[in-house]
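I set out to look up the main features of this chain and to note them one by one. The entries are meant for a reader who has not seen the structure before.

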Amino acid sequence: MREDNRIRLFILDRSPQMMVKLLSFFEKKTDIIVVEANQDVHAFMDESRRFEMKELMDELRPDVIIVDLRHPIKSELLWISKIKEMTFVPVVAFTSIELSKKETADFGFNYAVHRPEFGDLDAESKAMNVLLYHVRNAARADRALESSFDKDAFRIKTPSPTITTHSSDTRLVAIGASAGGTEAISKVVSAFPANMPGILIVQHITKGFAEVFAQHLRKVSAIPAKVASDGDIVGPNMMYVAPDEKHMEIRRSGTKYIIRCRSGERISGHIPSVNAMFTSVAKHAGAAAVGAILTGMGKDGAEGLLEMRRAGAYTIGQDEASCLVYGMPRAAYEMDAVQTQLPLDDIAREIVSKVHGK
């Protein structure tokens, strides 16, 4: 428990003038403490400084982050996704861009507040008060989520949500993603009901962040999550996140699937590799699996998903409009590895329908 119950605010803004205004405004609020005011947005994209920034985030423990969004372009959204990858705390965009509610959610923001032209004092005052309102709301919602999360409130309902057997032959769900994937995977698994087969997850993530990601998934989902260990037996109603710097694969022993975590060369430029996971699922689970490839750069996972489809598995790809980066899903779609291409919002429902034979 924190002795100081004030909202811990991290401000990331590239404008020195606006930073001064934000600090002046928030430092007068008795329920808020500004723990950091930072203009170095590039530090979050620099792999050599990721641990430095992660240590800073761990030390400061912000409740809410404010970021300035200049353009709705991939490079801007990528560095914001890197920030969320480190902390998974609410992020409020302070932006001159008009964003719809759907765009705000798809980009990974809890709220988006219109940023006025500099020097328009009346508009600035109104914007600051709206920003304050959303910072408080975001902090309250996140604390409530952490303390007493209603795991059934947003789930896709099934007729028998407490049983642990499945009405179809699906015994594994395999999900792979890269850039933007932490948000996309979170959105998918947060909609799953409690009765699901074992779920394997490979997310390209900086070394040291797999456990952080697993902790976040435990927070938002009805299904427990853990970082996979070599020798884990895949059980129902459990999510297994690929560990740092190791490929996660499965092998079969009788009716059981056993996880293998191994070191090795990078595959498609990555370790862990989505291809490595999908290929092993194709070989050992075949038609008893569902595979989904989500947002990400490059083509890791495309060939493995094709092997899954050829082995009889049902395969899903995220569509271009809802991807932060339409690289991996595009490669899979273009090589005919994807049976169904869907917006992110529809993917959880499609997976559940296949798992439960609907």
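The entries below go from the whole chain to its sheets, helices, cores and single residues.

**Entry 1. The chain as a whole**

I note at the start that this is a predicted model. I looked up the secondary structure and found 11 helices and 14 strands. The chain has 358 residues, and 56% of them are buried. I then turned to contacts between residues at least 6 apart in sequence: 73% of these join residues at least 24 apart. For the accessible surface I recorded about 15800 Å², with 50% of it belonging to carbon and sulfur atoms.

**Entry 2. The five-stranded sheet**

I looked up the open sheet of five strands and wrote down its order as β2-β1-β3-β4-β5, with parallel pairing. Its edge strands are β2 (32-38) and β5 (111-114), each of which pairs on one side only. On average, neighbouring strands of this sheet are turned by 25° against each other, direction ignored.

**Entry 3. The seven-stranded sheet**

I next looked up an open sheet of seven strands, also noting parallel pairing here; the order is β8-β9-β7-β6-β12-β13-β14. At its edges are β8 (225-227) and β14 (340-342), each pairing on one side only. The twist from one strand to the next averages 20°. Between β13 (residues 314-318) and β14 I found three bridges in the parallel sense. One residue I followed here is G317, whose bridge partner in β14 is Q341. Helix α8 (residues 274-284) packs on the sheet through β6 (172-177), β7 (198-203) and β12 (289-293), and its direction makes about 160° with that of β6. Helix α9 (residues 302-310) also packs on the sheet; it touches β12 and β13, and its direction makes about 155° with that of β12.

**Entry 4. Helix α8**

Is helix α8 enclosed or open to the outside? Eight of its 11 residues are buried, so α8 is largely enclosed by the rest of the structure. I listed the buried residues as V274, N275, A276, M277, F278, S280, V281 and A282. They pack against elements including β10 (247-253), α9 and α10 (328-334).

I located H247 in strand β10. H247 is buried, with a relative accessible area of 0%. Beyond its neighbours within four places in sequence, H247 is in contact with several residues, among them R260, E265, H270, P272 and A276. The C-alpha atoms of H247 and A276 are separated by 6.6 Å, although the two residues are 29 apart along the chain. P272 belongs to the loop between β11 (256-262) and α8. The peptide bond from I271 to P272 is cis, with omega near 5°.

**Entry 5. Helix α11**

I looked up α11 (residues 344-355), which has 12 residues and spans 18 Å from its first C-alpha to its last, close to the expected 16 Å. Its buried residues include L344, I347, I351 and V355. Among the elements covering the buried residues of α11 are β6, α6 (181-190) and β14. Just after this helix, G357 takes a positive phi of about 65°.

**Entry 6. Nonpolar cores**

Which residues touch the most other members of the largest nonpolar core? They are F192 and I351, in a core of 65 residues. Apart from it lies another core, of 32 residues, which includes M277, L305, A313 and V338.

N237 counts as buried because its relative accessibility is 17%, and the cut-off for buried is under 20%. D336, also a residue other than glycine, has a positive phi near 65°. D336 is in the loop between α10 and β14, and I recorded it as partly exposed, with a relative accessible area of 49%.

Terms used: Residues are numbered from 1 along each chain as its sequence is written. This is a predicted model: local features need pLDDT of at least 70, side-chain atom pairs count only at pLDDT 80 or more; totals for chains, interfaces and linings use all residues. Side-chain values use heavy atoms; hydrogens and water are left out. Two strands pair if DSSP finds at least two bridges between them. Helices (H or I, at least four residues) and strands (E, at least two) are DSSP runs, numbered from the N terminus. Axes are lines fitted to C-alpha atoms, for helices over the stretch in contact, and angles run from 0 to 180 degrees between N-to-C directions. Contact means heavy atoms within 4.5 Å. Buried means under 20% relative accessible area, exposed over 50%, partly exposed in between (1.4 Å probe, protein chains only). Accessible areas come from the Shrake-Rupley method with a 1.4 Å probe; for residues, only the protein chains shown count as cover. The expected span of a helix is 1.5 Å times one less than its number of residues. A nonpolar core is a set of buried Ala, Val, Leu, Ile, Met, Phe, Trp, Tyr and Cys residues joined through side-chain atoms within 4.5 Å.
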